[in-house]
Amino acid sequence: MYLLKEIEEYTKGKIINGNRDKEILHYSINHKFSNESTFYVPIDFHGVNREIYIIDAVKLGVIGFMIDKTSENYETIINEAKEINADICILEVESVNEAIHTLAKLNRNLNLDIPIIGITGSVGKTSMSNILSKILKKEKRVFHDFNNRNMNTRVLISSDLMQLENYEMAVIEMGTSKPGNMRILSELVKPSIGVITTIGTAHLNNFHTKENILEEKLHIADYLKDDKILFVNSDNELLNNIEETKDYKIIKCSKKEARNIVENELGISFEIDIYKKKTKFQLPLFSLHYLSNIIIAIRIAEHYHIKYENIVKGIKEFKPIEGRQKILRSAQRDLTVMDDSYSSSFESVKLGLEIANKLKSKRKIAVLGKMAAYGEESNNFHEELGKYFNNLNFDYLYLTGEYTKHIFKGALTCLEEKRIKRFKTKELLLVDLKKNIQNGDLIYIKAAHTQSFDEIVQELKKKYAIK
């Protein structure tokens, strides 16, 4: 893509070692994916400076790597890297994060002919991008990175944009947790089409009202190019009320476009028109919230003239991914686990509980941790979540983590105290949970990403042969 000397010029860096005319074709922020064609970019992200993995990447054979000029381990890393590979390309920069962002902006501007679908929303971004990429990949080479999940910030999206010329189009999630973030991402991504899945309460600590969240999400349209279309889920009241501007067209999509909707133990079935042709689906999905995203995906696919049969195939192949309302079962123990462990917001945990509540089981157990990013309102939101069990039929509620004492308090208004169990650690929770589990149980698992409730899921999968 670029010669090393060009990267040096664009990033205002300095080549410390290696062939200045070396062509760099592939970039990676994950040292585990490193090989002889990779240039390793050790970003500083979520409290982890990935320069600690530079030597591991070098041992795996990378062409080269960036390094911050102010790194405390600068000399040690460079000397060790050169001992492993005397010809390795090393580029010193002021900041690795800023360097990859600079390159990404340049690369996007050089590849404006490649359409990007940018997806934002309080919840449902990953499901939306998953469904849409399944469809588009039937006909096109589509870049879509599941690994971003909720962490779709500027530095990770910058890494995505460095892959552009290897694809015909891209589907990129664009998350925002602070005012002003979306405008920065929109300028970076320059989406051809924007999608807003829903407006909820996630990150209310920084935005204070849902109207402010909507205003922030709408900045995805600031740098729309080409078609200048914003697809929105009009089942969400706030999104249904937005109006077009001179800068972009709005296409509102609703599950009301579907007919003969049925929910049962097999999932959901419905009819929808695709290219004006009546089409029936029976999908192993256990919530109608997927339907809004499916309809948006269909309309975008129609916009790109994807063949009818490929739209149908793509939708039928969609399945929830790990940690996102994924249903796991053990035939040995007649046991069901609903893995919703990746992240947690007020709307998403209520939705997950509602789905679990509909599934048949002898008993139901909810395993919950904290919900993130509610600031001063955290106590109230967690208490309201506890009170929500009045609308559900759960036999036990297991809790651990910050703010769960407020879930406990709210749940006491509708559940017997002996059915609510709160623990200091996940480990203590697991010990008691495994003693309590019986054949026929359904276990719903949900918490903020920082609590790593996927470890609970993995432990249950291992013990009970759940798949």
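Predicted model: local features only at pLDDT ≥ 70, side-chain atom pairs only at ≥ 80, totals over all residues.
Let's start inside. The largest nonpolar core has 54 residues, and the members that touch the most others are Tyr-27, Phe-39, Val-41, Ile-43 and Met-66. As for secondary structure, helix H4 (residues 96-110) is the biggest giver to this core, with 5 residues.

Skip its neighbours within four places in sequence, and Val-41 is in contact with Tyr-27, Ser-28, Ile-29, Met-66, Val-96 and Ile-100. Two of those partners, Tyr-27 and Met-66, are also on the list of residues that touch the most other core members.

## Helix H12 and what covers it

Helix H12 spans residues 308-317, and its buried residues are Asn-310, Ile-311, Val-312, Gly-314 and Ile-315.

## H14 and its two partners

Two packed helices are described by the angle between their axes and the distance between the axes. Take H14 (residues 378-387) and H15 (residues 404-411): they pack at about 40 degrees, and their axes are 6 Å apart. Roughly parallel would need an angle under 35 degrees, so H14 and H15 count as oblique to each other. The crossing of H14 past H15 is right-handed. On the H14 side the contact uses Asn-379, His-382, Glu-383, Leu-385, Gly-386 and Lys-387, while H15 brings His-406, Ile-407, Lys-409, Gly-410 and Ala-411. By type, these contact residues come out as 3 nonpolar, 5 polar and 3 charged.

Now for H13 (residues 346-358) against H14: here the axes come within 11 Å and cross at roughly 10 degrees. That angle makes H13 roughly parallel to H14. H13 supplies Phe-346, Val-349, Lys-350 and Leu-353, and H14 answers with Phe-381, Glu-384 and Leu-385. This contact has 5 nonpolar residues, no polar ones and 2 charged. Leu-385 of H14 is named in the contact with H13 and in the contact with H15.

If you like checking backbone torsions, have a look at Asp-226: its phi is near 55 degrees, a positive value in a residue other than glycine. Asp-226 is in the loop between helix H9 (210-217) and strand S14 (229-233), and its relative accessible area of 48% makes it partly exposed.

Gln-325 also has a positive phi, near 55 degrees, and is not a glycine either. Its loop runs between H12 and strand S19 (326-330). Is Gln-325 buried or exposed? With a relative accessible area of 11%, Gln-325 is buried.

## Asn-206 in H8

One last stop is Asn-206, which belongs to helix H8 (residues 204-207). Asn-206 counts as partly exposed, at 29% relative accessibility. Beyond its neighbours within four places in sequence, Asn-206 is in contact with Ser-177, Lys-178 and Pro-179. Val-457, meanwhile, is 251 residues away from Asn-206 in sequence and 31 Å away in space, C-alpha to C-alpha.

Definitions and conventions. Residues numbered from 1 in each chain as written. Heavy atoms only, no water. Buried < 20%, exposed > 50% of the residue type's maximum accessible area, 1.4 Å probe, protein only. Helix = DSSP H or I, 4+ residues; strand = E, 2+ residues; numbered from the N terminus. Core = buried A, V, L, I, M, F, W, Y, C linked by side-chain atoms within 4.5 Å. Contact = heavy atoms within 4.5 Å. Axes fitted to C-alpha atoms, helices over the stretch in contact; angles between N-to-C directions. Parallel < 35°, antiparallel > 145°, perpendicular 65-115°, else oblique. Left-handed = near helix turned anticlockwise from the far one by under 90°. Nonpolar A, V, L, I, M, F, W, Y, C, P; charged D, E, K, R; others polar.
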